[in-house]
Amino acid sequence: MTPPLTRAEKTRRTRHRMLAAAAGLFVERGWTGTTVEDIARAAEVGVQTVYFTFGTKRALLKEVLDTAIAGDTDSAATLDRPWARAVLATPDPARQLARQAAGARGVLHRATPVLEVVRTAAASDPELAALWRTSMEQRHTVQLHFARALLVKTGGTLRDGHDAASAADIAFTVLGPETYGLLVAVRGWSPARWERWATDTLVRQLLP
C-alpha cells in the first residue's frame, strides 16, 4: 500500500503543477493574454493559492523563467551546475567551447520560449524590463567567467587579440536565445545542428 503524501510533498507537487501550468499558458498566450485565474484553473487550484504561493503574476513569471533556465527548482547558481563546472574543468580550449555550446543548448531548449515571453513583455512593463536586463547581465557574467578560463587555457592569447570581455560578448551573442530562436524555431534547424554550428563558430572566432 502506498503511504499517504506528506504535507510538504503535497505542497511541492502543487507548486510544480502551478509552475507547469503558468509556463504553458505564458508561452501559448503571452504575458498579457494570461491571467492568474487562467493559471489557477489549469493547475486545478484556487486563485488565492497562486497568490499565496507566488505573491504576484510577475513573481510567478520570474520563477517560471528561473525553473526553465535551471531545469529544476534547485536554487544553485548556473556556475555551480555540473555542466558549467565541466566547462571550467575541461583543459582543452576547443573542448571547452564545445561544452559551452552543449550546455547552452540544454538551457536554451527549455528556456527560449519563456525568455521570449519576458523579452516581449519588457517593452511595456518596467518590472519585466528589469527582469530581462537582469537575465542578460547574468548570462553575460557566466560567459565572462568562461572566457577568463579560456584565456588561461590558451596561454593568454585569443584570435584577433580578443580579451576576456570581447570573447564573452561573442559567446553571449552566439549562444543567446535570440540566435537559437532564429535558427531553431524560425529556420527549423535541429538543436544538434545548432550546437555544431555554435561550437564551430566559437572555435573559429576565438581560438588562434
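Buried means under 20% relative accessible area, exposed over 50%, and partly exposed in between, computed with a 1.4 Å probe on protein chains only. The structure is a predicted model: local features need pLDDT of at least 70, side-chain atom pairs count only at pLDDT 80 or more, and totals for chains, interfaces and linings use all residues. Residues are numbered from 1 along each chain as its sequence is written, and side-chain values use heavy atoms, with hydrogens and water left out.

The secondary structure of the protein chain comprises ten helices and zero strands. Helices (H or I, at least four residues) and strands (E, at least two) are DSSP runs, numbered from the N terminus. The order of elements from the N terminus is α-α-α-α-α-α-α-α-α-α. Along the principal axes, the C-alpha atoms fill a box of roughly 60 × 45 × 30 Å. Of the 208 residues, 41% count as buried. A contact requires heavy atoms within 4.5 Å. Among contacts with a separation of 6 or more, 66% come from residues 24 or more positions apart.

Two packed helices are described by the angle between their axes and the distance between the axes. Axes are lines fitted to C-alpha atoms, for helices over the stretch in contact, and angles run from 0 to 180 degrees between N-to-C directions. Angles under 35 degrees count as roughly parallel, over 145 as roughly antiparallel, 65 to 115 as roughly perpendicular and the rest as oblique.

Helix H1 (residues 7–29) packs on helix H3 (residues 47–54) at an angle of about 100°, and the axes are 11 Å apart. H1 and H3 are therefore roughly perpendicular. From H1, Thr-14, Arg-15, Met-18 and Leu-19 meet Thr-49, Val-50, Thr-53 and Phe-54 of H3. Four residues of this H1 and H3 contact are nonpolar, three are polar and one is charged. In this classification, Ala, Val, Leu, Ile, Met, Phe, Trp, Tyr, Cys and Pro count as nonpolar, Asp, Glu, Lys and Arg as charged, and the others, Gly among them, as polar.

Helix H6 (residues 93–122) packs on H9 at an angle of about 100°, with the axes 10 Å apart. H6 is therefore roughly perpendicular to H9. Leu-108, His-109, Thr-112 and Leu-115 of H6 meet Pro-177, Tyr-180 and Gly-181 of H9. The H6 and H9 contact has four nonpolar, three polar and no charged residues.

Helix H1 also carries Ala-22. Ala-22 is buried, at a relative accessible area of 0%. Leaving aside neighbours within four places in sequence, Ala-22 is in contact with Ile-39, Leu-60 and Val-64. Ala-43 is 21 residues from Ala-22 in sequence, and the C-alpha atoms of the two are 8.2 Å apart.

Aromatic rings were considered next. The whole structure holds four aromatic pairs. Rings of Phe, Tyr and Trp (its six-membered ring) pair if their centres lie within 6.5 Å; planes under 30 degrees apart count as stacked, over 60 as edge-to-face and the rest as tilted. Trp-83 and Phe-146 form an edge-to-face pair, 5.9 Å centre to centre, with 65° between the planes. This pair links distant parts of the chain, 63 residues apart: Trp-83 lies in helix H5 (residues 82–89) and Phe-146 in helix H7 (residues 126–153). Trp-83 is partly exposed, with a relative accessible area of 28%. Phe-146 is buried, at 1% relative accessibility. Tyr-180 and Trp-194 also form an edge-to-face pair, 5.0 Å centre to centre, with 75° between the planes. Tyr-180 belongs to helix H9 (residues 177–186) and Trp-194 to helix H10 (residues 191–206), 14 residues apart. Both Tyr-180 and Trp-194 are buried.

Charges over rings were also found. A charge sits over a ring if NZ of Lys or CZ of Arg is within 6 Å of the ring centre and within 35 degrees of the ring normal. The charged end of Arg-139 sits over the ring of Trp-132, 5.8 Å from its centre. Arg-193 lies over the face of Trp-189, 3.9 Å from the ring centre.

Backbone angles complete the description. Most residues other than glycine have a negative phi. Glu-44, not a glycine, has a positive phi of about 60°. Glu-44 is in the loop between helix H2 (36–43) and H3, and is exposed at 67% relative accessible area. Asp-160 has a positive phi near 55°. Asp-160 is in the loop between H7 and helix H8 (164–174), and is exposed at 70% relative accessibility.
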